[in-house]
Amino acid sequence: MKKSKFLKVFSSAMALSVILAGCSSSNNSGSKNAPKAKVEFKTEVDNGGSAVDGATLKYGILSPTPLTGMWNPIFMTQATDNEVIGNVVGETFSTDDERKVKQDNEDDPVKFHLDREKKEITFTVHKDLKWSDGSEVTAKDIVATYELMGNPKFKENARYTNAFDLIEGMKDYHEGKADKISGVTEKDNKTVVVKYTEIKPSVLFGEGWITSVLNAKQVAEASKDFSKFAEADLNKKPLSYGPYTIAKEVNGESVLAEANPHYYKKNDVKVKKIEFKVVSPAQASSVIKNGDVDLLGNVTANVWDSSKDLKNGDFVSKPSYYLSYVGFRTGLWDKEKSENVEDPDSKLKDKNVRQAFELAVDRDQINEKVFKGLRFTPTGSGMYPPATGKLQNEKATAVKKDVEKAKKLLDEAGYKDTDGDGLREDKNGKKVTFNFAIRNTGADYDQALADTFIKSWKEVGLDVQLVDGKLMSPKDFSSRLLAGDKSIDIFQGAWSLGTNPDRSSMLGRKTPLNLYRYTSSTFDEAFKEQSSDAMFDDAKLKEAYNKFDNLVADELPYFPLSWDTDLTWVNKRVKSLNAEKLGKGQQKLYALELNSQESAK
(Lines give C-alpha, C1' and ligand atoms only; values in the text may rest on other atoms or scores of the structure.)
Protein backbone atom coordinates (compact mmCIF):
# COMPACT_ATOMS: atom_id res chain seq x y z
CA MET A 1 0.00 0.00 0.00
CA LYS A 2 1.85 3.03 -1.25
CA LYS A 3 0.83 6.32 0.28
CA SER A 4 2.37 9.63 1.16
CA LYS A 5 3.46 9.79 4.79
CA PHE A 6 4.52 13.39 4.52
CA LEU A 7 2.80 16.47 3.18
CA LYS A 8 4.77 18.58 0.76
CA VAL A 9 4.85 22.34 0.19
CA PHE A 10 4.72 23.42 -3.44
CA SER A 11 4.58 26.73 -5.28
CA SER A 12 2.07 28.05 -7.75
CA ALA A 13 2.68 27.45 -11.39
CA MET A 14 1.53 28.43 -14.90
CA ALA A 15 1.66 31.26 -17.44
CA LEU A 16 -1.07 33.88 -17.25
CA SER A 17 -1.25 34.41 -21.00
CA VAL A 18 -2.51 30.88 -21.68
CA ILE A 19 -5.89 30.56 -23.40
CA LEU A 20 -8.21 27.74 -22.42
CA ALA A 21 -8.52 25.08 -25.12
CA GLY A 22 -10.00 21.68 -25.81
CA CYS A 23 -12.11 19.19 -23.93
CA SER A 24 -13.10 15.54 -24.08
CA SER A 25 -15.13 12.94 -22.22
CA SER A 26 -15.60 13.24 -18.48
CA ASN A 27 -14.12 11.05 -15.80
CA ASN A 28 -14.95 12.91 -12.58
CA SER A 29 -16.62 10.90 -9.86
CA GLY A 30 -18.73 12.17 -6.98
CA SER A 31 -22.05 13.97 -6.84
CA LYS A 32 -23.67 15.61 -9.85
CA ASN A 33 -22.92 19.01 -8.31
CA ALA A 34 -19.24 18.24 -7.69
CA PRO A 35 -16.83 20.75 -9.26
CA LYS A 36 -15.00 19.65 -12.39
CA ALA A 37 -12.02 20.77 -14.40
CA LYS A 38 -12.98 22.61 -17.58
CA VAL A 39 -10.82 20.19 -19.56
CA GLU A 40 -11.81 16.61 -18.81
CA PHE A 41 -10.33 13.30 -19.82
CA LYS A 42 -11.32 9.68 -20.10
CA THR A 43 -10.02 7.34 -17.41
CA GLU A 44 -9.01 4.48 -19.64
CA VAL A 45 -7.69 3.57 -23.06
CA ASP A 46 -8.05 0.35 -25.04
CA ASN A 47 -5.61 0.22 -27.94
CA GLY A 48 -6.28 -3.43 -28.76
CA GLY A 49 -3.88 -5.60 -30.72
CA SER A 50 -2.17 -8.84 -29.75
CA ALA A 51 0.30 -9.02 -26.88
CA VAL A 52 3.97 -9.46 -27.84
CA ASP A 53 6.66 -11.18 -25.78
CA GLY A 54 9.99 -9.71 -24.76
CA ALA A 55 9.10 -6.01 -25.08
CA THR A 56 10.34 -3.55 -22.45
CA LEU A 57 7.85 -1.06 -20.97
CA LYS A 58 9.31 2.45 -20.98
CA TYR A 59 8.10 4.26 -17.87
CA GLY A 60 8.77 8.02 -17.79
CA ILE A 61 9.22 9.96 -14.54
CA LEU A 62 8.57 13.67 -15.08
CA SER A 63 11.13 15.58 -13.02
CA PRO A 64 13.62 18.43 -13.38
CA THR A 65 15.96 16.66 -10.95
CA PRO A 66 17.74 13.29 -11.20
CA LEU A 67 16.98 10.13 -9.25
CA THR A 68 18.91 9.89 -5.97
CA GLY A 69 19.15 6.09 -6.07
CA MET A 70 17.67 5.46 -2.61
CA TRP A 71 15.84 2.20 -3.39
CA ASN A 72 14.14 1.73 -0.06
CA PRO A 73 10.30 1.52 -0.09
CA ILE A 74 10.11 2.90 3.45
CA PHE A 75 12.99 5.31 3.92
CA MET A 76 13.29 6.85 0.45
CA THR A 77 12.99 10.62 0.66
CA GLN A 78 12.26 11.57 -2.94
CA ALA A 79 8.99 10.91 -4.74
CA THR A 80 10.79 10.09 -7.99
CA ASP A 81 12.76 7.31 -6.28
CA ASN A 82 9.46 5.94 -4.99
CA GLU A 83 8.17 5.79 -8.56
CA VAL A 84 10.87 3.17 -9.13
CA ILE A 85 11.03 1.17 -5.90
CA GLY A 86 7.28 1.39 -5.30
CA ASN A 87 6.64 -0.41 -8.58
CA VAL A 88 9.54 -2.83 -8.14
CA VAL A 89 8.25 -4.05 -4.77
CA GLY A 90 4.56 -3.43 -5.47
CA GLU A 91 1.83 -3.16 -2.86
CA THR A 92 2.19 -5.31 0.25
CA PHE A 93 -1.32 -4.61 1.52
CA SER A 94 -4.36 -4.10 -0.73
CA THR A 95 -6.83 -1.28 -0.08
CA ASP A 96 -10.45 -0.42 -0.84
CA ASP A 97 -11.81 2.52 -2.85
CA GLU A 98 -11.23 4.88 0.10
CA ARG A 99 -7.68 3.50 0.41
CA LYS A 100 -8.36 1.80 3.73
CA VAL A 101 -6.41 -1.42 4.19
CA LYS A 102 -8.31 -4.60 3.45
CA GLN A 103 -8.36 -7.00 6.37
CA ASP A 104 -7.73 -10.75 6.22
CA ASN A 105 -6.89 -10.74 2.52
CA GLU A 106 -5.26 -14.15 2.04
CA ASP A 107 -3.97 -13.15 -1.39
CA ASP A 108 -1.80 -10.25 -0.17
CA PRO A 109 1.96 -10.68 0.30
CA VAL A 110 1.30 -10.05 3.99
CA LYS A 111 -2.15 -10.46 5.54
CA PHE A 112 -3.37 -7.70 7.86
CA HIS A 113 -5.72 -8.41 10.78
CA LEU A 114 -6.83 -5.84 13.36
CA ASP A 115 -8.23 -6.91 16.73
CA ARG A 116 -9.57 -3.72 18.30
CA GLU A 117 -10.45 -5.37 21.62
CA LYS A 118 -6.95 -6.75 22.10
CA LYS A 119 -5.40 -3.61 20.54
CA GLU A 120 -3.36 -5.80 18.24
CA ILE A 121 -2.44 -6.04 14.57
CA THR A 122 -1.41 -9.46 13.33
CA PHE A 123 0.74 -9.71 10.21
CA THR A 124 0.90 -13.07 8.45
CA VAL A 125 3.41 -13.61 5.64
CA HIS A 126 2.04 -15.45 2.58
CA LYS A 127 3.33 -19.03 2.57
CA ASP A 128 4.83 -18.65 -0.93
CA LEU A 129 6.44 -15.24 -0.47
CA LYS A 130 10.18 -15.23 -1.19
CA TRP A 131 12.97 -12.73 -1.58
CA SER A 132 14.59 -12.31 -4.98
CA ASP A 133 17.54 -14.47 -3.83
CA GLY A 134 15.12 -17.37 -3.28
CA SER A 135 15.06 -17.23 0.54
CA GLU A 136 11.75 -17.11 2.41
CA VAL A 137 10.24 -13.90 3.74
CA THR A 138 9.71 -14.56 7.44
CA ALA A 139 8.49 -12.94 10.65
CA LYS A 140 12.10 -11.98 11.43
CA ASP A 141 12.05 -9.62 8.44
CA ILE A 142 8.98 -7.82 9.79
CA VAL A 143 10.47 -7.52 13.29
CA ALA A 144 13.75 -6.20 11.84
CA THR A 145 11.84 -3.58 9.85
CA TYR A 146 10.14 -2.27 13.01
CA GLU A 147 13.42 -2.27 14.88
CA LEU A 148 15.04 -0.21 12.14
CA MET A 149 12.14 2.25 12.22
CA GLY A 150 12.63 2.82 15.94
CA ASN A 151 16.44 2.45 16.10
CA PRO A 152 17.72 5.27 18.35
CA LYS A 153 20.98 5.43 16.37
CA PHE A 154 19.11 6.15 13.13
CA LYS A 155 19.21 9.92 13.62
CA GLU A 156 18.39 10.76 10.00
CA ASN A 157 15.13 8.80 10.06
CA ALA A 158 12.48 11.20 8.73
CA ARG A 159 9.78 8.51 8.74
CA TYR A 160 9.38 8.05 12.49
CA THR A 161 6.32 9.85 13.86
CA ASN A 162 4.63 9.89 17.26
CA ALA A 163 2.03 7.47 15.86
CA PHE A 164 4.65 4.73 16.34
CA ASP A 165 4.81 5.64 20.05
CA LEU A 166 1.42 3.92 20.43
CA ILE A 167 3.16 0.55 19.90
CA GLU A 168 3.92 -0.90 23.31
CA GLY A 169 7.58 -0.38 24.15
CA MET A 170 8.40 1.50 20.95
CA LYS A 171 9.00 4.84 22.63
CA ASP A 172 11.42 3.32 25.17
CA TYR A 173 13.21 1.50 22.36
CA HIS A 174 13.36 4.66 20.23
CA GLU A 175 14.81 6.61 23.17
CA GLY A 176 17.44 3.94 23.84
CA LYS A 177 15.87 2.78 27.11
CA ALA A 178 15.16 -0.76 25.92
CA ASP A 179 16.94 -3.32 23.74
CA LYS A 180 13.77 -4.64 22.12
CA ILE A 181 10.29 -3.42 21.27
CA SER A 182 8.13 -5.24 23.78
CA GLY A 183 4.98 -4.82 21.69
CA VAL A 184 6.41 -6.43 18.54
CA THR A 185 6.57 -10.20 18.94
CA GLU A 186 7.30 -13.11 16.60
CA LYS A 187 4.45 -15.56 17.09
CA ASP A 188 5.87 -18.11 14.63
CA ASN A 189 8.03 -18.16 11.51
CA LYS A 190 5.35 -16.39 9.44
CA THR A 191 3.41 -14.36 12.02
CA VAL A 192 4.11 -11.14 13.91
CA VAL A 193 1.80 -9.53 16.48
CA VAL A 194 2.07 -5.78 17.13
CA LYS A 195 0.49 -4.67 20.39
CA TYR A 196 -0.73 -1.07 20.87
CA THR A 197 -1.56 1.02 23.91
CA GLU A 198 -4.31 2.66 21.83
CA ILE A 199 -5.89 1.89 18.47
CA LYS A 200 -6.96 4.92 16.44
CA PRO A 201 -9.19 4.77 13.35
CA SER A 202 -6.33 6.19 11.27
CA VAL A 203 -4.58 2.84 11.62
CA LEU A 204 -6.81 1.60 8.79
CA PHE A 205 -5.19 4.23 6.56
CA GLY A 206 -1.68 3.03 7.36
CA GLU A 207 -0.81 5.25 10.32
CA GLY A 208 1.33 3.80 13.09
CA TRP A 209 2.49 0.68 11.27
CA ILE A 210 4.88 -0.09 8.41
CA THR A 211 3.44 -0.82 4.99
CA SER A 212 6.45 -2.62 3.46
CA VAL A 213 8.93 -5.25 4.66
CA LEU A 214 12.73 -5.11 4.53
CA ASN A 215 15.16 -8.03 4.52
CA ALA A 216 16.44 -8.73 8.04
CA LYS A 217 20.00 -9.56 6.97
CA GLN A 218 20.27 -6.39 4.90
CA VAL A 219 18.80 -4.38 7.78
CA ALA A 220 21.41 -5.78 10.18
CA GLU A 221 24.24 -4.91 7.82
CA ALA A 222 22.93 -1.40 7.13
CA SER A 223 22.46 -0.74 10.87
CA LYS A 224 26.15 -1.25 11.69
CA ASP A 225 27.08 2.27 10.60
CA PHE A 226 24.30 4.79 10.00
CA SER A 227 26.79 7.31 8.61
CA LYS A 228 26.96 4.98 5.59
CA PHE A 229 23.30 3.97 5.63
CA ALA A 230 22.44 5.45 2.23
CA GLU A 231 25.17 3.36 0.56
CA ALA A 232 24.17 0.07 2.14
CA ASP A 233 22.86 -2.80 -0.03
CA LEU A 234 19.52 -2.38 1.75
CA ASN A 235 19.12 0.88 -0.16
CA LYS A 236 21.30 0.38 -3.25
CA LYS A 237 20.81 -3.33 -4.05
CA PRO A 238 17.71 -4.28 -2.07
CA LEU A 239 16.26 -7.76 -2.14
CA SER A 240 12.67 -7.68 -3.39
CA TYR A 241 9.63 -9.86 -2.71
CA GLY A 242 7.71 -7.93 -5.38
CA PRO A 243 7.22 -8.49 -9.10
CA TYR A 244 10.59 -6.99 -10.08
CA THR A 245 14.21 -6.58 -9.04
CA ILE A 246 16.60 -3.78 -9.93
CA ALA A 247 18.93 -5.13 -12.62
CA LYS A 248 20.78 -2.06 -13.90
CA GLU A 249 21.10 1.61 -13.03
CA VAL A 250 22.39 4.58 -14.97
CA ASN A 251 23.21 7.00 -12.19
CA GLY A 252 20.42 9.56 -11.76
CA GLU A 253 18.97 8.90 -15.21
CA SER A 254 17.35 5.48 -15.48
CA VAL A 255 16.77 2.09 -13.89
CA LEU A 256 16.13 -1.25 -15.58
CA ALA A 257 13.87 -3.56 -13.58
CA GLU A 258 13.53 -7.24 -14.50
CA ALA A 259 10.90 -9.78 -13.46
CA ASN A 260 11.62 -11.43 -10.11
CA PRO A 261 11.89 -15.19 -10.81
CA HIS A 262 10.86 -15.92 -7.21
CA TYR A 263 7.78 -13.68 -7.12
CA TYR A 264 4.85 -15.59 -5.64
CA LYS A 265 2.64 -14.54 -8.56
CA LYS A 266 5.29 -14.70 -11.28
CA ASN A 267 2.84 -16.14 -13.81
CA ASP A 268 0.81 -12.90 -13.61
CA VAL A 269 3.78 -10.75 -14.65
CA LYS A 270 3.20 -9.92 -18.34
CA VAL A 271 5.83 -7.19 -18.73
CA LYS A 272 9.17 -8.84 -18.03
CA LYS A 273 11.23 -5.64 -18.12
CA ILE A 274 10.54 -2.02 -17.24
CA GLU A 275 12.90 0.84 -17.99
CA PHE A 276 12.28 3.76 -15.62
CA LYS A 277 13.73 7.00 -17.00
CA VAL A 278 13.72 10.61 -15.83
CA VAL A 279 12.09 13.02 -18.28
CA SER A 280 12.82 16.73 -18.00
CA PRO A 281 9.65 18.87 -18.25
CA ALA A 282 11.36 20.94 -20.94
CA GLN A 283 11.93 17.83 -23.05
CA ALA A 284 8.72 15.97 -22.22
CA SER A 285 6.76 16.86 -25.35
CA SER A 286 9.51 15.73 -27.71
CA VAL A 287 10.04 12.57 -25.63
CA ILE A 288 6.33 11.75 -25.97
CA LYS A 289 6.32 12.54 -29.69
CA ASN A 290 9.37 10.38 -30.40
CA GLY A 291 7.92 7.38 -28.55
CA ASP A 292 10.68 7.41 -25.95
CA VAL A 293 8.16 6.61 -23.19
CA ASP A 294 5.08 4.42 -23.03
CA LEU A 295 3.80 5.94 -19.80
CA LEU A 296 4.37 9.40 -18.32
CA GLY A 297 2.51 10.40 -15.17
CA ASN A 298 2.00 13.70 -13.31
CA VAL A 299 1.76 15.54 -16.63
CA THR A 300 1.72 19.32 -16.18
CA ALA A 301 -0.50 21.77 -18.04
CA ASN A 302 2.37 22.96 -20.23
CA VAL A 303 3.36 19.42 -21.24
CA TRP A 304 -0.27 18.56 -21.99
CA ASP A 305 -0.81 21.74 -23.99
CA SER A 306 2.19 21.08 -26.23
CA SER A 307 1.35 17.36 -26.67
CA LYS A 308 -2.45 17.23 -26.80
CA ASP A 309 -2.64 16.95 -30.60
CA LEU A 310 -0.20 14.04 -30.94
CA LYS A 311 -1.63 10.88 -32.48
CA ASN A 312 0.70 8.23 -31.01
CA GLY A 313 -1.15 7.94 -27.71
CA ASP A 314 -3.74 9.40 -25.34
CA PHE A 315 -4.00 11.22 -22.04
CA VAL A 316 -5.99 9.58 -19.26
CA SER A 317 -6.68 10.91 -15.78
CA LYS A 318 -7.68 10.01 -12.28
CA PRO A 319 -8.73 12.13 -9.26
CA SER A 320 -5.82 13.84 -7.52
CA TYR A 321 -4.97 14.47 -3.86
CA TYR A 322 -3.41 17.84 -4.73
CA LEU A 323 -4.56 21.07 -3.07
CA SER A 324 -3.06 24.51 -3.63
CA TYR A 325 -4.04 27.38 -1.39
CA VAL A 326 -3.33 30.88 -0.12
CA GLY A 327 -2.42 30.74 3.55
CA PHE A 328 -2.68 33.37 6.29
CA ARG A 329 -0.08 33.46 9.07
CA THR A 330 -2.04 34.15 12.24
CA GLY A 331 0.29 32.70 14.84
CA LEU A 332 3.82 31.75 15.82
CA TRP A 333 5.77 28.57 16.56
CA ASP A 334 6.74 28.48 20.25
CA LYS A 335 9.99 26.49 20.37
CA GLU A 336 9.91 26.03 24.14
CA LYS A 337 6.37 24.64 24.17
CA SER A 338 6.80 22.96 20.76
CA GLU A 339 3.41 24.22 19.70
CA ASN A 340 1.67 26.89 17.65
CA VAL A 341 0.48 29.93 19.57
CA GLU A 342 -1.48 33.05 18.65
CA ASP A 343 0.47 36.06 17.36
CA PRO A 344 -1.05 39.17 18.95
CA ASP A 345 0.58 41.28 16.23
CA SER A 346 -0.76 39.29 13.27
CA LYS A 347 -2.37 41.48 10.60
CA LEU A 348 -4.77 38.65 9.80
CA LYS A 349 -6.37 37.91 13.19
CA ASP A 350 -9.68 39.36 12.00
CA LYS A 351 -11.64 36.78 10.00
CA ASN A 352 -13.39 39.56 8.08
CA VAL A 353 -10.03 40.57 6.63
CA ARG A 354 -9.20 36.97 5.67
CA GLN A 355 -12.58 36.61 4.00
CA ALA A 356 -12.00 39.80 2.02
CA PHE A 357 -8.74 38.38 0.67
CA GLU A 358 -10.60 35.29 -0.52
CA LEU A 359 -13.55 37.17 -2.03
CA ALA A 360 -11.26 39.46 -4.02
CA VAL A 361 -9.78 36.61 -6.09
CA ASP A 362 -11.40 35.07 -9.18
CA ARG A 363 -10.18 31.50 -8.67
CA ASP A 364 -12.26 30.16 -11.53
CA GLN A 365 -10.47 32.45 -13.95
CA ILE A 366 -7.05 31.54 -12.57
CA ASN A 367 -7.75 27.83 -12.88
CA GLU A 368 -9.22 28.12 -16.37
CA LYS A 369 -6.69 30.54 -17.84
CA VAL A 370 -3.50 30.20 -15.80
CA PHE A 371 -3.72 26.45 -15.34
CA LYS A 372 -5.33 25.80 -18.73
CA GLY A 373 -8.47 24.24 -17.32
CA LEU A 374 -6.66 21.25 -15.80
CA ARG A 375 -7.14 22.65 -12.31
CA PHE A 376 -10.45 23.69 -10.80
CA THR A 377 -11.77 25.64 -7.83
CA PRO A 378 -12.27 23.53 -4.68
CA THR A 379 -15.37 23.48 -2.52
CA GLY A 380 -15.35 23.98 1.23
CA SER A 381 -11.87 23.88 2.74
CA GLY A 382 -10.52 21.91 -0.21
CA MET A 383 -9.04 19.28 2.11
CA TYR A 384 -11.22 16.48 0.75
CA PRO A 385 -10.90 16.50 -3.06
CA PRO A 386 -12.72 14.01 -5.32
CA ALA A 387 -9.90 11.49 -4.82
CA THR A 388 -11.08 10.99 -1.22
CA GLY A 389 -14.23 9.30 -2.57
CA LYS A 390 -17.09 9.02 -0.10
CA LEU A 391 -15.40 11.41 2.33
CA GLN A 392 -15.85 14.33 -0.06
CA ASN A 393 -18.34 16.87 1.23
CA GLU A 394 -21.03 16.94 -1.48
CA LYS A 395 -22.90 19.78 0.21
CA ALA A 396 -19.92 22.13 0.31
CA THR A 397 -19.81 25.06 -2.10
CA ALA A 398 -17.07 27.22 -3.60
CA VAL A 399 -16.79 30.90 -2.69
CA LYS A 400 -17.10 33.13 -5.78
CA LYS A 401 -15.40 36.47 -6.38
CA ASP A 402 -17.45 39.29 -4.83
CA VAL A 403 -15.64 42.61 -4.75
CA GLU A 404 -18.48 44.53 -3.10
CA LYS A 405 -18.83 42.00 -0.29
CA ALA A 406 -15.06 42.07 0.24
CA LYS A 407 -15.13 45.86 0.53
CA LYS A 408 -18.03 45.71 2.98
CA LEU A 409 -16.20 43.20 5.20
CA LEU A 410 -13.11 45.42 5.25
CA ASP A 411 -15.27 48.43 6.15
CA GLU A 412 -16.76 46.44 9.04
CA ALA A 413 -13.25 45.48 10.18
CA GLY A 414 -12.34 49.18 10.31
CA TYR A 415 -10.05 49.07 7.26
CA LYS A 416 -10.83 52.27 5.35
CA ASP A 417 -9.06 54.52 2.87
CA THR A 418 -8.61 57.67 4.90
CA ASP A 419 -6.20 59.54 2.62
CA GLY A 420 -7.77 58.87 -0.78
CA ASP A 421 -4.85 56.94 -2.28
CA GLY A 422 -7.03 53.88 -3.02
CA LEU A 423 -5.40 51.76 -0.31
CA ARG A 424 -6.96 51.10 3.06
CA GLU A 425 -5.47 52.00 6.40
CA ASP A 426 -5.96 49.65 9.36
CA LYS A 427 -8.58 50.15 12.08
CA ASN A 428 -6.17 52.48 13.88
CA GLY A 429 -5.81 54.66 10.81
CA LYS A 430 -2.25 53.49 10.10
CA LYS A 431 -0.82 52.39 6.77
CA VAL A 432 -0.84 48.61 6.49
CA THR A 433 1.05 46.46 3.99
CA PHE A 434 0.62 42.69 3.74
CA ASN A 435 3.73 40.75 2.78
CA PHE A 436 3.09 37.94 0.30
CA ALA A 437 5.43 34.94 -0.17
CA ILE A 438 5.46 32.93 -3.39
CA ARG A 439 8.23 30.78 -4.85
CA ASN A 440 10.35 31.40 -7.90
CA THR A 441 10.61 28.14 -9.82
CA GLY A 442 12.92 29.65 -12.43
CA ALA A 443 10.21 30.65 -14.89
CA ASP A 444 8.18 33.84 -15.27
CA TYR A 445 4.80 32.27 -14.63
CA ASP A 446 5.19 32.53 -10.87
CA GLN A 447 5.58 36.28 -11.22
CA ALA A 448 2.51 36.44 -13.46
CA LEU A 449 0.40 34.59 -10.91
CA ALA A 450 1.76 36.72 -8.06
CA ASP A 451 0.85 39.85 -10.01
CA THR A 452 -2.68 38.53 -10.53
CA PHE A 453 -3.18 38.08 -6.78
CA ILE A 454 -1.71 41.48 -5.92
CA LYS A 455 -3.86 43.23 -8.53
CA SER A 456 -7.00 41.46 -7.26
CA TRP A 457 -6.34 42.50 -3.68
CA LYS A 458 -5.54 46.08 -4.68
CA GLU A 459 -8.97 46.22 -6.32
CA VAL A 460 -10.57 46.05 -2.86
CA GLY A 461 -8.03 48.46 -1.35
CA LEU A 462 -5.51 46.02 0.14
CA ASP A 463 -1.84 46.92 -0.18
CA VAL A 464 0.04 43.66 -0.81
CA GLN A 465 3.75 43.45 -1.63
CA LEU A 466 6.07 40.52 -2.27
CA VAL A 467 8.27 39.53 0.67
CA ASP A 468 11.64 41.28 0.18
CA GLY A 469 10.19 42.73 -3.03
CA LYS A 470 10.70 39.57 -5.09
CA LEU A 471 9.76 35.95 -5.59
CA MET A 472 11.45 33.67 -3.07
CA SER A 473 13.84 30.82 -3.75
CA PRO A 474 12.31 27.42 -2.92
CA LYS A 475 14.77 26.86 -0.09
CA ASP A 476 14.16 30.28 1.44
CA PHE A 477 10.40 29.89 1.04
CA SER A 478 10.29 26.55 2.88
CA SER A 479 12.77 27.38 5.63
CA ARG A 480 11.17 30.72 6.49
CA LEU A 481 7.65 29.30 6.56
CA LEU A 482 8.72 26.38 8.75
CA ALA A 483 10.45 28.83 11.08
CA GLY A 484 7.27 30.92 11.35
CA ASP A 485 8.92 34.04 9.92
CA LYS A 486 6.96 37.06 11.14
CA SER A 487 7.79 39.03 7.99
CA ILE A 488 5.47 36.74 6.02
CA ASP A 489 1.76 37.54 6.29
CA ILE A 490 0.33 35.60 3.34
CA PHE A 491 1.82 32.77 1.26
CA GLN A 492 0.83 30.66 -1.73
CA GLY A 493 1.62 26.98 -1.33
CA ALA A 494 0.18 23.53 -1.83
CA TRP A 495 -0.22 20.15 -0.17
CA SER A 496 0.01 16.69 -1.63
CA LEU A 497 -2.65 15.27 0.67
CA GLY A 498 -2.16 11.77 2.04
CA THR A 499 -4.84 9.09 1.82
CA ASN A 500 -5.34 9.33 5.59
CA PRO A 501 -8.18 11.88 6.00
CA ASP A 502 -6.82 13.08 9.36
CA ARG A 503 -5.50 16.61 8.73
CA SER A 504 -4.08 17.24 12.20
CA SER A 505 -0.58 17.20 10.71
CA MET A 506 -1.57 20.31 8.76
CA LEU A 507 -3.69 22.15 11.32
CA GLY A 508 -2.83 20.66 14.69
CA ARG A 509 -1.68 22.72 17.65
CA LYS A 510 1.50 20.66 18.05
CA THR A 511 2.61 20.25 14.43
CA PRO A 512 5.33 22.45 12.89
CA LEU A 513 3.72 21.76 9.48
CA ASN A 514 0.80 23.98 10.51
CA LEU A 515 2.35 26.78 8.47
CA TYR A 516 -0.56 29.11 9.23
CA ARG A 517 0.19 28.74 12.97
CA TYR A 518 -3.58 28.86 13.37
CA THR A 519 -5.08 27.23 16.45
CA SER A 520 -8.57 27.01 17.89
CA SER A 521 -10.39 24.99 20.53
CA THR A 522 -12.90 23.89 17.89
CA PHE A 523 -10.10 22.32 15.86
CA ASP A 524 -8.79 20.61 19.02
CA GLU A 525 -12.21 19.12 19.69
CA ALA A 526 -12.60 18.04 16.07
CA PHE A 527 -9.26 16.19 16.11
CA LYS A 528 -10.24 14.52 19.37
CA GLU A 529 -13.51 13.35 17.84
CA GLN A 530 -11.74 12.09 14.71
CA SER A 531 -9.47 9.83 16.77
CA SER A 532 -12.32 8.27 18.75
CA ASP A 533 -13.60 4.70 18.36
CA ALA A 534 -16.77 6.05 16.77
CA MET A 535 -14.76 6.74 13.61
CA PHE A 536 -14.56 3.02 12.85
CA ASP A 537 -18.15 3.49 11.65
CA ASP A 538 -17.98 4.69 8.03
CA ALA A 539 -21.10 6.86 8.31
CA LYS A 540 -19.81 8.62 11.44
CA LEU A 541 -16.38 9.01 9.84
CA LYS A 542 -17.90 10.80 6.85
CA GLU A 543 -20.10 12.94 9.08
CA ALA A 544 -17.12 14.00 11.20
CA TYR A 545 -14.90 14.91 8.28
CA ASN A 546 -17.65 16.73 6.40
CA LYS A 547 -18.28 18.75 9.55
CA PHE A 548 -14.56 19.46 9.83
CA ASP A 549 -14.45 20.55 6.17
CA ASN A 550 -17.17 23.12 6.93
CA LEU A 551 -15.39 24.21 10.10
CA VAL A 552 -12.08 24.89 8.35
CA ALA A 553 -13.84 26.75 5.52
CA ASP A 554 -15.58 28.91 8.13
CA GLU A 555 -12.56 29.69 10.33
CA LEU A 556 -10.41 30.28 7.22
CA PRO A 557 -6.75 29.76 8.17
CA TYR A 558 -6.27 29.66 4.38
CA PHE A 559 -8.46 29.66 1.29
CA PRO A 560 -8.23 26.87 -1.29
CA LEU A 561 -7.05 27.80 -4.78
CA SER A 562 -6.99 24.64 -6.90
CA TRP A 563 -7.73 20.97 -7.13
CA ASP A 564 -5.79 19.22 -9.86
CA THR A 565 -6.16 16.62 -12.59
CA ASP A 566 -3.74 13.69 -12.25
CA LEU A 567 -2.84 13.20 -15.90
CA THR A 568 -0.96 10.30 -17.53
CA TRP A 569 0.25 9.88 -21.12
CA VAL A 570 -0.24 6.38 -22.56
CA ASN A 571 1.48 5.34 -25.79
CA LYS A 572 -0.61 3.34 -28.26
CA ARG A 573 1.46 0.19 -27.81
CA VAL A 574 0.01 -0.27 -24.31
CA LYS A 575 -2.96 -2.56 -24.96
CA SER A 576 -5.19 -1.13 -22.23
CA LEU A 577 -4.91 0.95 -19.08
CA ASN A 578 -7.38 2.37 -16.56
CA ALA A 579 -5.82 5.25 -14.62
CA GLU A 580 -8.20 5.03 -11.66
CA LYS A 581 -7.83 1.27 -11.26
CA LEU A 582 -4.06 1.48 -11.62
CA GLY A 583 -3.96 4.19 -8.95
CA LYS A 584 -6.02 2.10 -6.54
CA GLY A 585 -4.02 -1.08 -7.16
CA GLN A 586 -6.96 -2.77 -8.89
CA GLN A 587 -4.92 -2.94 -12.10
CA LYS A 588 -1.27 -3.91 -11.81
CA LEU A 589 1.58 -2.34 -13.71
CA TYR A 590 3.19 -5.76 -14.10
CA ALA A 591 -0.01 -7.10 -15.71
CA LEU A 592 -0.05 -4.56 -18.54
CA GLU A 593 0.50 -5.91 -22.04
CA LEU A 594 2.25 -4.36 -25.05
CA ASN A 595 1.03 -4.86 -28.62
CA SER A 596 4.31 -3.97 -30.35
CA GLN A 597 8.06 -4.31 -29.83
CA GLU A 598 8.49 -0.60 -30.50
CA SER A 599 6.58 2.40 -29.16
CA ALA A 600 4.29 4.29 -31.52
CA LYS A 601 5.72 7.53 -32.93
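## Helix pairs and domains: worked exercises

The crossing of α14 and α15 is left-handed. The model is predicted.

**Exercise 1.** Find how helix α14 and helix α15 run relative to each other: roughly parallel or roughly antiparallel?

Solution. 
- Locate the helices. Helix α14 covers residues 521-530, and helix α15 covers residues 538-555.
- Read the geometry. The two pack at an angle of about 165 degrees, and their axes are 11 Å apart.
- Apply the cut-off. Angles over 145 degrees count as roughly antiparallel, so α14 is roughly antiparallel to α15.

**Exercise 2.** State which residues of α14 and α15 meet, and sort the contact by class.

Solution. 
- Start with α14. Its side of the contact consists of T522, F523, A526, F527, E529 and Q530.
- Turn to α15. Here the partners are A544, Y545, K547, F548, L551, V552 and E555.
- Sort them. The α14 contact with α15 has eight nonpolar, two polar and three charged residues.

**Exercise 3.** Repeat the analysis for helix α8 and helix α10.

Solution. 
- Locate them. Helix α8 spans residues 351-359, and helix α10 spans residues 403-412.
- Read the geometry. Their axes come within 8 Å and cross at roughly 160 degrees.
- Conclude. That angle makes α8 roughly antiparallel to α10.
- The crossing of α8 and α10 is left-handed.
- List the contact. From α8 come N352, V353, Q355, A356 and L359. From α10 come V403, K405, A406, L409, L410 and E412.
- Sort by class. The α8 contact with α10 has seven nonpolar, two polar and two charged residues.

**Exercise 4.** Describe how domain 1 meets domain 2.

Solution. 
- Domain 1 is 44-89 + 242-312 + 572-591, domain 2 is 110-226, and domain 3 is 322-564.
- Take the separation. The C-alpha centres of domain 1 and domain 2 lie 30 Å apart.
- Count contacts. Ten residues of domain 1 touch 17 residues of domain 2.
- Find the area. About 1100 Å² is buried between domain 1 and domain 2, with 73% from carbon and sulfur atoms.
- I74, F75 and H262 supply 56% of the area that domain 1 buries against domain 2, more than any other three residues.

Technical notes
Residues numbered from 1 in each chain as written. Predicted model: local features only at pLDDT ≥ 70, side-chain atom pairs only at ≥ 80, totals over all residues. Heavy atoms only, no water. Axes fitted to C-alpha atoms, helices over the stretch in contact; angles between N-to-C directions. Helix = DSSP H or I, 4+ residues; strand = E, 2+ residues; numbered from the N terminus. Parallel < 35°, antiparallel > 145°, perpendicular 65-115°, else oblique. Left-handed = near helix turned anticlockwise from the far one by under 90°. Contact = heavy atoms within 4.5 Å. Nonpolar A, V, L, I, M, F, W, Y, C, P; charged D, E, K, R; others polar. Domains from an automatic or database assignment. Buried area = accessible area lost by both parts, 1.4 Å probe.
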